[in-house]
Amino acid sequence: MVSRAAPHDPAFWRGRRVLLTGHTGFKGGWLALWLEAMGAEITGLALPAEDPSFFRQALIAEGLTHIEGDIRDQAVVEAAVALAAPEVVFHLAAQPLVRLSYDMPVETFAANVQGTVHVLDACRRAPDLKAIVCVTSDKCYDNREWIWPYREGDPMGGHDPYSASKGAAELVIAAYRRSFFSAPGAPLLASVRAGNVIGGGDWAKNRLVPDIVRALLAGGRPMIRNPRSMRPWQHVLEALGGYLLIAEALARGEAWAATGWNFGPDEEDARPVGWIADRLTHVWGAQGWDRSPDAEGPHEAHMLKLDCSQARTMLGWRPAWGLGEALDRIAAWHKGVAAGEDPRALSLIQLAAYRVAFQAALSPTHRPWPA
C-alpha cells in the first residue's frame with residue numbers, strides 16, 4: 001500500500017530556496033505570491049512581463065530575485081540555477097496559448113520542449129536540490145474527444161502545436177526522471193497537469209475569461225468563439241495548492257510522488273464555454289454576450305476532462321472553491337482594481353481566504369496548510 005503524503009509542516013517553506021521559472025506569467029505570479037507569503041526565498045527566471053500583467057499589478061518583483069531571461073538559452077538557465085542554488089524548482093515558463101502556437105509553432109516547441117530540457121539538465125548540477133515540479137497541461141493527453149476523463153497513465157499526444165509540445169515535454173520529463181533522477185539521493189521529479197485555470201489578473205489574449213473581462217471593462221459585449229466547448233475550469237489557486245503539496249512530498253523524499261499528477265475541478269465544474277460567459281456576465285451585472293465571427297478558427301479541443309482520483313486518494317487534495325466561487329472572485333478582483341483598489345492587497349486577501357478554504361477541503365488525515 002502506498003503511503004500518504006506527510007502532514008504539512010508550518011515551517012516547511014520559511015527560508016527555503018526556490019527557483020521559479022515563468023514567474024512573470026499569470027500562474028507563475030500567483031505561485032510567487034503564495035511562496036512569498038510563506039517565507040520562501042525565491043529566485044524567478046522569466047521573459048519580461050507584459051503590460052498589463054498580474055506580475056506588474058501585484059508587484060511580484062518586490063518579493064523575489066528577478067531575472068529576465070529566456071529558457072531557450074541554455075547558458076541563461078544554467079546561470080539562474082547556479083545563482084538560486086535551489087532546494088525546490090518549479091518550472092512553469094512556457095508558451096501557454098493554443099491559438100498562438102499555430103502562428104508560432106517553432107517558438108512553441110523550442111520553449112515548451114527544449115526549454116524543459118534546459119531546465120532539467122541544469123538541475124542535474126544543483127547540489128542542494130531536492131524537488132522538481134514541472135508544470136505541463138491537461139492538453140498533454142492524446143485527446144479523443146470522448147466523455148471520459150483522462151488519467152495520468154493515458155497516452156500523451158496533441159492535435160495542435162501547443163498540445164503536442166506539452167505531450168512531448170511529458171516524455172522529456174519521464175526520460176530525465178528515469179535517466180538522471182532515480183538514483184538514491186537524487187532530486188525527485190514530478191509533472192503536474194491542470195485544467196483551464198482562471199483568476200484575477202489574467203490578461204492573456206485569446207483566452208476566454210480575460211477576453212470577457214476586457215470586453216466588460218470596456219463596456220462592450222463579450223464575443224465568444226465556441227460556446228459548446230467543454231473545459232475543466234478551476235481557480236488558479238486550486239492547481240497551485242496541489243503543486244505545493246507535490247513539492248513538499250518530493251522534498252521530504254517521498255519517492256511515490258515522483259510521477260505525473262492531475263489537478264482538476266469536480267465533475268460539475270467541467271462546463272461549456274457558454275455557461276462561463278453567462279455566469280461571468282451575470283455576476284458582473286452586464287447584458288449577455290455575442291457569438292464571434294471567428295468561431296471557425298484553428299482546431300481546439302471540444303471535450304476534455306481530468307480524472308483526479310490519484311491526487312484525492314494519495315494527497316488528500318480536494319478543490320476548495322467551486323466554479324461559481326472562482327468566477328465571483330474574478331469579478332471582485334477586476335472590478336476592485338478598476339475602482340482603484342490595490343491589486344496586491346486584493347490578491348493577498350483572496351490568497352488568505354483560499355488558504356482557509358484549502359485547510360477545510362484537505363482530507364482529515366492531513367494537518368492544515370502552513371501558516
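**Close-up views of a predicted model**

The structure holds 12 aromatic pairs (rings of Phe, Tyr and Trp, the last by its six-membered ring, with centres within 6.5 Å; planes under 30 degrees apart are stacked, over 60 edge-to-face, the rest tilted). This is a predicted model, so local features need pLDDT of at least 70 and side-chain atom pairs count only at pLDDT 80 or more, while totals for chains, interfaces and linings use all residues. Residues are numbered from 1 along each chain as its sequence is written, and side-chain values use heavy atoms, with hydrogens and water left out.

**View 1. Tyr243 and Phe263 make an edge-to-face pair.** The ring centres are 6.0 Å apart and the planes sit at 70 degrees, so this pair is edge-to-face. It links distant parts of the chain: Tyr243 belongs to helix H8 and Phe263 to strand E10 (residues 260–263), 20 residues apart. Helices (H or I, at least four residues) and strands (E, at least two) are DSSP runs, numbered from the N terminus. Tyr243 has 0% relative accessibility, so it counts as buried, and Phe263 is buried at 0% too. For the cut-offs, buried is under 20% relative accessible area, exposed is over 50%, and partly exposed is in between (1.4 Å probe, protein chains only). Elsewhere, Trp34, Trp321, Tyr354 and Phe358 form one aromatic cluster.

**View 2. Trp261 sits in the largest nonpolar core.** A nonpolar core here is a set of buried Ala, Val, Leu, Ile, Met, Phe, Trp, Tyr and Cys residues joined through side-chain atoms within 4.5 Å. The largest one has 67 residues, and Trp13, Trp30, Leu35, Phe90 and Trp261 have the most contacts inside it. Helix H8 (residues 236–251) brings the largest share, 12 residues. A second, separate core of 25 residues includes Val81, Val119, Phe181 and Leu189. Leaving out residues up to four places away in sequence, Trp261 touches a list of residues including Glu152, Arg193, Ile246, Trp256 and Met314; contact means heavy atoms within 4.5 Å. In soluble globular proteins, nonpolar side chains tend to be buried together.

**View 3. Cys134 lines the largest cavity.** Cys134 lies in strand E5 (residues 131–135) and is buried, with a relative accessible area of 1%. Its C-alpha is 9.1 Å from that of Leu120, which is 14 residues apart in sequence. Not counting residues up to four places away, Cys134 touches His91, Leu120, Ile173, Leu189, Ala190, Ser191 and Val192. The cavity has a volume of about 60 Å³, and His91 and Ile173 are also among its lining residues. H6 gives the most to this lining, with three residues. By class, the lining divides into six nonpolar, four polar and one charged (Ala, Val, Leu, Ile, Met, Phe, Trp, Tyr, Cys and Pro count as nonpolar, Asp, Glu, Lys and Arg as charged, and the others, Gly among them, as polar).

**View 4. Helix H6 also contributes to the second largest pocket.** On a 1 Å grid over the protein atoms alone, a cavity is a set of points where a 1.4 Å probe fits but cannot get out, and a pocket is an open set with protein on both sides within 12 Å along at least five of seven lines; lining residues have an atom within 4 Å of a point. Grid points are joined across faces, edges and corners, and a volume is the space filled by probe spheres set on the points. This pocket holds about 150 Å³ of space. H6 (161–180) and strand E6 (188–194) each give two or more residues to the lining, with H6 giving the most, four.

**View 5. Helix H7 is largely enclosed by the rest of the structure.** Seven of the 10 residues of H7 (residues 208–217) are buried, including Leu208, Ile212 and Leu216. The buried residues pack against strands E7 (196–198), E8 (223–224) and E9 (230–235), and against helices H9 (273–284) and H11 (323–338). Asn206, in the loop between E7 and H7, has a positive phi of about 60 degrees although it is not a glycine. Asn206 is partly exposed, at 42%.

**View 6. A cis peptide bond joins Asp51 and Pro52.** Omega is about 5 degrees here, and Pro52 is in the loop between strand E2 (41–46) and helix H2 (54–57). Most residues other than glycine have a negative phi, and most peptide bonds are trans.
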